[in-house]
Each structure stands twice: as C-alpha cells, then as structure tokens.
Amino acid sequence: MTEYKIALVGFGGVNRGFAQLVAERNAEWKNSLGFTVKIVGVTDLFLGSIVAKEGLDAKQLVALPVEKGAFAHLPGGKAEAFNEAVIKNSGADIIAEATFTNPVDGEPATTFCRWALESGIHVVTTNKGPIALHGAELKALARRNQVAFEYEGAVMSGTPVIRLAKQALAGANVQGFEGILNGTSNYVLSQMKDGLAFNDAVVQAQQLGYAEADPTADVEGFDVRLKVVILANELLNARLNVSDVACSGISNISAQDIAQASANGASWKLIGSADRAADGSVRASVEARLLPDSHPLAGIAGATNAVSFNTELLGAVTVSGPGAGRIETAFALLSDIVAIHTTHGK
Ligand SMILES: NC(=O)C1=CN([C@@H]2O[C@H](COP(=O)(O)OP(=O)(O)OC[C@H]3O[C@@H](n4cnc5c(N)ncnc54)[C@H](O)[C@@H]3O)[C@@H](O)[C@H]2O)C=CC1
Ligand SMILES: N[C@@H](CC=O)C(=O)O
C-alpha cells in the first residue's frame with residue numbers, strides 16, 4: 001500500500017480543508033484510491049511551522065486556533081514559518097502549495113514550487129500565480145526532475161475542467177472558451193440581485209472562504225485574467241501573458257443596473273474568454289457582459305462557475321460546478337494526488 005508523505009505550505013482555508021479530508025477519509029482512500037496520506041510538515045506565514053517525520057495528527061491540525069504563531073503550542077512546533085526547511089527537509093514526497101495568489105509576479109509561491117521541484121518533490125497547488133506567470137518554466141523544471149507539477153484547483157476549484165478539456169476533449173479541437181471563472185464575483189452579483197449591497201456581499205464571500213486575500217482581485221477581474229491565461233495556454237497552445245488580456249471587473253455595476261437587467265430578462269456576468277483566430281493567434285478578455293436569460297451561462301448563480309468550450313467536433317461543451325470553497329478546492333488537491341498516483345505511483 002502506498003503512503004504519500006505530504007507537506008502543506010500555507011495553512012489557510014484550502015490546506016486546512018485538505019487536512020480535514022485526511023482526518024475524515026484517509027481510511028476510505030486506502031480502499032477506494034489505493035493510497036493513504038501522511039502529513040509530515042506544515043508551514044504558514046501567520047501560524048508558524050512544524051515537522052514530524054512520523055506524521056502529524058490531521059484532526060489536531062484542523063482544530064489549531066487561527067492565532068499568530070499557533071504551531072508553537074504543538075510539540076516540536078515553531079512560531080516562525082520555516083518554509084524552505086519544511087519544503088526541502090520534511091521528507092515529503094509531495095508539497096501541497098496553497099499560499100496567497102500574487103497576481104503580479106506569482107511570488108513567493110513560485111519560489112516554493114521551484115524549491116520542491118528542484119529537490120525531486122512533486123507539487124500540487126491551487127495557486128494561480130505560479131502557473132499563469134511561470135507555468136512553462138515550472139513544467140520544464142518538473143520534467144527535468146521527473147516529478148509532477150499538478151494544478152487542477154487553479155481554475156474552477158474542485159470542478160475538473162483542466163483535465164477534462166486536456167484529456168477527455170483531446171482530439172475534439174478546442175477553438176475557444178467563455179466562462180464564469182470567479183466564485184466571489186458571481187456570488188456578489190447573485191446576492192446583489194437579491195437586494196444585498198456590494199460591500200456586504202463581498203464580506204459574505206470572504207466569510208465563506210471564496211475570496212482572495214485581497215478581494216480586489218476577485219471584483220476587478222484580475223483573478224479571472226490569471227485563469228484565462230492558464231486555460232488559453234493549456235488548451236489553445238497560446239503563449240499569453242497577463243498583459244495580453246484586456247481586463248475589467250464588476251465594481252462599477254450598480255444595484256440599479258442589476259435590477260434593470262433583471263426587469264429586461266437579462267443578467268450581468270463576469271466573463272473570461274479566449275478564441276483562436278484563423279491565423280492561429282489567440283485573443284482573450286475579461287469583462288462584465290449582459291447576458292439574456294436564454295444564454296447557457298445566465299442562470300449560473302452564487303459561487304458556482306461554468307465554462308463553455310467551443311470545440312470543432314462537438315460544438316459547445318459546457319461544464320458547471322463549484323468555483324470556490326475550502327473543501328471544494330481541497331478536493332482539487334486530492335485529485336492532483338490521484339493523478340500523481342496514476343502516473344508516478346508505485
Ligand atoms: N479558497 C478558494 O475557494 C480557492 C482558493 N484558491 C487559491 O488557493 C490558495 C489558498 O487559498 P485559501 O486557503 O483560500 O487562502 P487563505 O488566505 O485562506 O490561506 C492562505 C494561507 O497562506 C499563508 N501564507 C501566505 N503567504 C505565505 C508565505 N509566504 N509563506 C507561508 N505561508 C503563507 C497565509 O498565512 C494563509 O494562512 C490561494 O492562492 C487561492 O487563490 C484557488 C481556488 C479556490
Ligand atoms: N477567489 C477565487 C477563488 C478560486 O480561485 C474565486 O472566488 O473564484
């Protein structure tokens with residue numbers, strides 16, 4: 001029976017959600033997935049760090065209070081985040097990277113991924129920055145070191161759109177896509193439709209674990225822009241940079257705009273899209289669009305996301321599912337570990 005030793009980098013909503021899955025389901029995974037997971041290290045800027053090669057009690061980790069330096073209260077724990085030591089020296093086979101997404105340069109998460117890959121350790125991550133901004137370099141580094149770099153949760157949380165489009169739609173010839181790719185902004189627009197003020201809806205999205213550390217990234221479209229770059233580069237063989245994608249958000253949409261749209265049988269949605277032109281070039285954008293209620297994306301409400309792939313052989317293939325959420329995104333990490341088990345498992 002394979003046992004994967006995992007170190008968690010960042011211990012906010014997503015990796016705590018992953019620890020919860022381990023606490024509740026490890027025994028079940030033994031039978032259903034053919035492996036178990038042992039958490040051998042955790043490091044977090046705010047909480048500190050801890051390493052235990054014999055394995056940490058996942059239930060105890062989940063119950064850790066969200067207090068500065070909290071890991072220092074556990075035997076062997078430290079108040080400081082010794083990220084490099086945890087990544088390189090905890091004995092982990094896999095690093096689960098879930099620190100803040102930095103939409104400008106992808107750091108320091110990109111460095112965390114490099115440290116792991118250079119050390120021959122697999123990486124699973126939900127962080128959009130390293131993939132959108134340094135994806136080609138990190139994938140090459142993973143190949144050179146014969147390890148996996150997996151990031152299904154970076155787009156649409158636990159809804160498996162990247163693997164679906166790359167594997168199940170291989171050969172169908174994806175020509176483009178359009179989608180609702182941010183849970184927070186879609187939640188905010190839905191709540192505003194029900195009468196809540198913009199700022200109150202953003203606070204709710206933060207409390208529910210959907211929003212970025214700085215929710216400006218959600219409501220101004222920067223988060224969707226990273227996801228559009230990731231999907232376009234993965235599926236359309238584009239080489240887009242963030243600066244190639246025109247981007248605007250939803251912060252200028254008023255309650256009155258939403259009510260008026262509703263009265264006219266339409267809804268405002270933040271849409272990320274990309275298309276391959278006849279000359280092979282790829283154009284992409286992020287913008288709020290007014291969709292008639294008959295449009296397949298108009299009825300997608302709350303933190304649910306959906307993406308419609310335009311394929312040559314099947315026409316439109318639309319996938320909908322959770323776009324944010326702690327456990328939902330933790331599931332994406334699990335699905336990445338399943339992929340590693342399939343490709344690299346003993
Ligand atoms: N929450 C969600 O629904 C989804 C989140 N993501 C991405 O997953 C990642 C994690 O998300 P959450 O857990 O919700 O965020 P979070 O804000 O709850 O947790 C992030 C944790 O990382 C820690 N951290 C930040 N910088 C660090 C550093 N330099 N070294 C060590 N620790 C550091 C923070 O102290 C915090 O505890 C983010 O990149 C986010 O964009 C992706 C898909 C969905
Ligand atoms: N803040 C993001 C989280 C997932 O990427 C969102 O709301 O979609």
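Colleague: Which side chain has an N or O atom 2.7 Å from an oxygen atom of ligand 1?

Modeller: Please bear in mind that this model is predicted. A polar contact is a pair of N or O atoms within 3.5 Å. Here the side chain of Glu212 supplies the atom at 2.7 Å from a ligand 1 oxygen. Backbone N or O atoms also take part: one of Val14 lies 2.8 Å from an oxygen atom of ligand 1, and one of Gly209 is 3.0 Å from a nitrogen atom of that ligand. Of the 830 Å² of accessible area that ligand 1 has on its own, the protein covers 88%.

Colleague: How many residues surround ligand 1, and which are the closest?

Modeller: A residue counts here if one of its heavy atoms lies within 4 Å. There are 24 around ligand 1, with Asp44, Thr99, Thr101, Thr126 and Gly325 the closest. By class, nine are nonpolar, twelve polar and three charged.

Colleague: Which side chains have polar atoms by the oxygen or nitrogen atoms of ligand 2?

Modeller: Asp218 has a side-chain N or O atom 2.7 Å from a nitrogen atom of ligand 2. For ligand 2 oxygen atoms, the distance is 2.8 Å from Lys227 and 3.4 Å from Asn182. The protein buries 92% of the 250 Å² that ligand 2 exposes when taken alone.

Methods: Residues are numbered from 1 along each chain as its sequence is written. Chains are lettered from A and ligands numbered from 1 in the order in which they are written. This is a predicted model: local features need pLDDT of at least 70, side-chain atom pairs count only at pLDDT 80 or more; totals for chains, interfaces and linings use all residues. Side-chain values use heavy atoms; hydrogens and water are left out. A polar contact is a pair of N or O atoms within 3.5 Å; within protein, one must be able to donate a hydrogen and the other to accept it, and residues adjacent in sequence count only if both atoms are side-chain atoms. Accessible areas come from the Shrake-Rupley method with a 1.4 Å probe; for residues, only the protein chains shown count as cover. Ala, Val, Leu, Ile, Met, Phe, Trp, Tyr, Cys and Pro count as nonpolar, Asp, Glu, Lys and Arg as charged, and the others, Gly among them, as polar.
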